[in-house]
Amino acid sequence: MTQQASRTAIVTGAARGIGAAVAKRLARDGFAVAVVDLDADACKPVVTEIESAGGRALAVGADVSDEQAVEAAVQRIAAELGAPTVLVNNAGIIRDNLLFKMSAGDWDAVMNVHLRGAFLMSRAAQKHMTEAGWGRIVNLSSTSALGNRGQANYSAAKAGLQGFTKTLAIELGKFGVTVNAIAPGFIETEMTAATAARVGVPFEDYKKGAAAQIPVRRVGRPEDIAHTVSFFVSEDAGFVSGQVIYVAGGPRA
Ligand code: NAP
């Protein structure tokens, strides 16, 4: 039995996109995986795929921005899968608009899911990590943290997550807990498909246009991010903490 086989990981926003790929990869790495998303039913195909491959997984419905729902979800995961010592804060939404057209509701919604969500999930999970004397938190930032037209809310939240990551790394290091962030560039998911739809460009053309601007000349896949998560949560990455890796097919910042 590998060390991971006795460890439980939580992945939020894991019903689809990057989160689903991360959940499947961590299951393959040997973790029991809590697949968390707004709707538990939507998580079931990911759980079934993990179980069919011989892994352990649990579908959990929770809104990461809801304090009580988060506490209940983490308690249930600890009881049914084992104390969670890996947390991937991946749940996310976009509500893009230029500043002068951005509603306060769209600002708040994005802050709530990305920042409040990562805060509540990390606070709930850290007690299991500090008790175990071992833990890994990975936060999903974005290249948009560096600034992106039409994303004042999202870029502020994704830049905020980088500060959050570094602060948790400082606070939790002495408990054997590392905290890192991944800042993806263009990854092919429903989120980027929605952006293409909003700007009125067919997704295939949108991806081609994006790939032409990326040094490795392709757009990213959810598995590219899952691979980076797998590294950060691995046993041997215990001296890597408070870092932000841009996974964007080329350099950023
Ligand atoms: P996605 O396909 O839209 O998936 C996001 C998932 O998060 C959805 O299943 C969504 O559920 C869930 N979610 C939304 N709000 C939630 C909440 N309050 N509580 C729990 N779950 C919630 O997005 P993605 O492209 O895979 O992105 C995943 C993460 O990577 C996000 O943080 C995103 O900002 C970041 N990212 C993505 C890209 C990219 O190019 N795709 C680039 C940089 C960073 P519903 O389906 O029910 O809404």
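Let me start with helix H8, residues 222-232. Helices here are DSSP runs of H or I with at least four residues, strands are runs of E with at least two, and both are numbered from the N terminus. The buried residues of H8 are Pro222, Ile225, Ala226, Thr228, Val229, Ser230 and Phe232. Buried means under 20% relative accessible area, exposed means over 50%, and partly exposed is in between, with a 1.4 Å probe and protein chains only. What covers these residues of H8? The cover includes helix H1, strand S4 (84-89), strand S5, strand S6 (177-184) and strand S7 (244-247). Cover here rests on contact, that is, heavy atoms within 4.5 Å.

A word on the source. This is a predicted model, in which local features need pLDDT of at least 70 and side-chain atom pairs count only at pLDDT 80 or more, while totals for chains, interfaces and linings use all residues. Residues are numbered from 1 along each chain as its sequence is written, and side-chain values use heavy atoms, with hydrogens and water left out.

Next, the domains. The domain assignment gives domain 1 (8-185 + 222-245) and domain 2 (187-219), with bounds that come from an automatic or database assignment. Taken over C-alpha atoms, the centres of domain 1 and domain 2 are 24 Å apart. Across the boundary, 13 residues of domain 1 are in contact with eight residues of domain 2.

Now the ligand. How many residues surround the ligand? There are 28, and the closest are Arg16, Asp37, Asn90, Tyr154 and Thr189. By type, the shell divides into 13 nonpolar, ten polar and five charged residues. In that count, Ala, Val, Leu, Ile, Met, Phe, Trp, Tyr, Cys and Pro are nonpolar, Asp, Glu, Lys and Arg are charged, and the others, Gly among them, are polar.

Which helices each supply at least two residues of the shell? They are H1 (17-28), H4 (104-132), H5 (152-172) and H6. H6 gives the most, with three residues.

An N or O atom in the side chain of Lys158 is 3.0 Å from an oxygen atom of the ligand. From the backbone, a polar atom of Gly185 is 3.3 Å from a ligand oxygen, and an N or O atom of Ile187 is 2.8 Å from a ligand oxygen. On its own the ligand has 900 Å² of accessible area, and the protein covers 89% of it. Those areas come from the Shrake-Rupley method with a 1.4 Å probe, and for residues only the protein chains shown count as cover.

I will finish with some single residues. In H6 (residues 190-199) there is Thr195. Thr195 counts as buried because its relative accessibility is 13%. Leaving aside neighbours within four places in sequence, Thr195 is in contact with Ile94, Asp96 and Tyr206.

Thr165 sits in H5, and it counts as buried because its relative accessibility is 0%. Its side chain reaches the backbone oxygen of Leu161 at 2.7 Å. Not counting residues up to four places away in sequence, Thr165 touches Asn139, Val179, Asn180, Ala181, Gly242 and Gln243.

Ser65 is in the loop between strand S3 (57-61) and helix H3 (67-80). Is Ser65 buried or exposed? At 15% relative accessibility, Ser65 counts as buried. The side chains of Ser65 and Asp63 form a polar contact of 2.8 Å.

Asn148 lies in the loop between S5 (135-140) and H5. With a relative accessible area of 39%, Asn148 is partly exposed. A polar contact of 2.9 Å joins its side chain to that of Gln151.

At 56% relative accessibility, Arg217 counts as exposed. Most residues other than glycine have a negative phi. Arg217 is not a glycine, yet its phi is positive, at about 60 degrees.

Definitions and conventions. Near = heavy atom within 4 Å. Polar contact = N/O pair within 3.5 Å; in protein donor to acceptor, adjacent residues only side chain to side chain.
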